[in-house]
Amino acid sequence: MGKAYLVLVDGQRATLNELMHPLFGDERLARIQRHQTPHMRIDSACAALACLVAQKMAFGRIQRNLYYYGKNGKPYFADENSGWLSLTHAAAVGACLIAPVMCGCDVEDLKRDLSRMEEKVRFRQQPEAENTLAIWCVKESYVKLTGEGLKRPFSGLQFSGRAILDETGKHLAWANTGKIGRVQWAAALEREANLSVICMSAEEALNEINSCVLPG
């Protein structure tokens, strides 16, 4: 696999029962059940659908329990030769990024207001010009790449052009970001790779999954 695939699935108008699929892995099913609100369970199910579609696009096949979660909560493929993946969700949109290099992805509701967090989000030495939500999305995708999560201060990271840099100017990763539908998305990659971004409804995702020839 020499290409990266970011798949977004919008389940805004679907119920949880409509989103569930027998190919959801055991760890994802457990995560869906642990969420306390219906909205979060729908978000998580959309991420699971996105992962199945991304598997089909990256590998030409789909199977259960292809990945697990490490101690830091970062997902890893059970087979290291499969590459890397990242999952995220927000506002009834789930996303999965599968890439040949270490990667991270994030989606955020375009209505999210981060105006009170400007100083925490922007690079402290030279604040970026992009809108705050886009910067947040890029930097969160990077800390998902590393597995650090929100423990790493965003103000110590700079988003410049498509590069993510540290305070010394050292290049850390490449990032892409944009808007689709109701969300801002971002994908961070350890090294540059050809990225395809696909957005579909939950119904389209289910049709895509069910059309795949599944292993016996």
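Is E128 buried or exposed? In this predicted model, where local features need pLDDT of at least 70, side-chain atom pairs count only at pLDDT 80 or more and totals for chains, interfaces and linings use all residues, E128 is buried, with a relative accessibility of 6%. Residues are numbered from 1 along each chain as its sequence is written, and side-chain values use heavy atoms, without hydrogens and water. Buried denotes under 20% relative accessible area, exposed over 50%, and partly exposed in between (1.4 Å probe, protein chains only).

The protein contains six helices and 11 strands, assigned as DSSP runs (helices H or I, at least four residues; strands E, at least two) and numbered from the N terminus. Buried residues amount to 50% of the 216 residues. The C-alpha trace spans about 55 × 35 × 30 Å along its principal axes.

A total of 12 salt bridges was found, each defined as a side-chain nitrogen of Lys or Arg within 4 Å of a carboxyl oxygen of Asp or Glu. E128 forms one with K139, at 3.0 Å from N to O. K139 lies in helix 5 (residues 132–146) and E128 in the loop between helix 4 (118–121) and helix 5, so the pair ties together parts 11 residues apart in sequence. K139 is also buried, at 1% relative accessibility.

E192 and R162 form another salt bridge (2.7 Å, N to O). This pair links distant parts of the chain, 30 residues apart: E192 is in the loop between strand 10 (183–189) and strand 11 (194–201), and R162 in the loop between strand 7 (158–160) and strand 8 (163–165). E192 is exposed at 51%, whereas R162 is partly exposed at 31%.
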